[in-house]
Amino acid sequence: MSSVFWNNHNYFNGLFGNTSNNSGLANSLFGGGSSNMLSDYSMIKSGAYKKLLTAYYKSQDDSDDSTESTTNKRPSSINNSKVDSKDTSKLLEVKSDSEDLKSATNKLADRSLYRATGEDEDGNDVYDRDKITKNVKEFVSAYNKYLDSSSSVNSQNILKKSLSTVKLTASNKKLLSEVGINIGADNKLTVDEKKLSEAKMSTLSSLFTGSGSYANTVGQKASETYRLANSATYSANNSASYNFGGSYSMMGTSNNSWDKYF
């Protein structure tokens, strides 16, 4: 009997990439040949990857159960429409949340936000702290919504963006903490407004402005996620089909190597 782990090609090759490639798991699942293995290990150890993967596979199980139940009851074109509608709704939510996150990072990237608006009676620079707090809280809210939606869809590429964003945030944990932005056990962000109100403008500016800054990179990932969700939405509505394993493919392709595992 054929092994459940081998079918024409190695199960792990299909899932994680060619094992002859030294970059292995980190490159194929989390993306990028320049990925730092020690950093990846640190993220795995901290539980960041596990939480997102757990959320992802839970949505897979729920989707599979729903699809199986509906298929058994009504094996017709109407059934296809129901599955498509559910998946499309999730993808549209990812698009909306990605767009909101990009907008929030753009607001934080405005350099004028970190310039003095005047001086107090002692000659100290005065800044629009209320506006900074408002924009930071808007960013945190958008970030958390993005994590929720992007980690719950049936898309390997979108999941990779979500994981990459979590990893990026973790790598900036110290600086974020200095300005009152904390990372919770669930990878969500919270704001300490008192600490934020006392944060140095130089730290805020370095985090949120300029090419390669934390906010700039998060904004790029949000834009990339938006494009992926938009493409997947189109595929789901126009060329989605059941793959050879009986699962529903949202990517609209016949060579998606992950289809067989869903």
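Predicted model: local features only at pLDDT ≥ 70, side-chain atom pairs only at ≥ 80, totals over all residues.
Colleague: What percentage of the residues count as buried?

Modeller: Buried means under 20% relative accessible area, exposed over 50%, and partly exposed in between (1.4 Å probe, protein chains only). Of the 262 residues, 39% count as buried.

Colleague: Take T169. Is T169 buried or exposed?

Modeller: T169 counts as buried because its relative accessibility is 1%. The residue sits in helix α7 (residues 156–171).

Colleague: Which residues does T169 touch?

Modeller: Contact means heavy atoms within 4.5 Å. Leaving out residues up to four places away in sequence, T169 touches Y143, L176, I183, L189 and Y214. T217 is 48 residues from T169 in sequence, and the two are 10.0 Å apart, C-alpha to C-alpha. For the protein chain, take the contacts with a separation of 6 or more: residues 24 or more positions apart account for 64% of them.

Colleague: Now salt bridges. How many does a search of the whole structure find?

Modeller: Side chains of opposite charge can pair when their charged atoms come close. The criterion is a side-chain nitrogen of Lys or Arg within 4 Å of a carboxyl oxygen of Asp or Glu. The search finds seven salt bridges.

Colleague: Which residue forms a salt bridge with E138 at 3.0 Å?

Modeller: K107 does, 3.0 Å being the distance between the closest N and O atoms. The pair links distant parts of the chain: E138 lies in helix α6 (residues 129–150) and K107 in helix α5 (residues 77–108), 31 residues apart. E138 is partly exposed at 26%, and K107 is partly exposed at 35%. E138 also meets K134 in a salt bridge (4.0 Å, N to O). Those two both lie in helix α6, four residues apart, about one turn of the helix. K134 counts as exposed, at 52%.

Colleague: Where does K188 lie, and where does D148?

Modeller: K188 forms a salt bridge with D148, with 3.0 Å between the closest N and O atoms. K188 is in the loop between β5 and β6, D148 is in helix α6, and 40 residues separate them. D148 is partly exposed, with 44% relative accessible area. Shared partners join K107, K134 and E138 into one network of salt bridges.

Colleague: What is the phi of N187?

Modeller: Phi of N187 is near 75°, a positive value in a residue other than glycine. N187 is in the loop between β5 (181–183) and β6 (189–191). At 9% relative accessibility, N187 counts as buried.

Conventions. Residues numbered from 1 in each chain as written. Heavy atoms only, no water.
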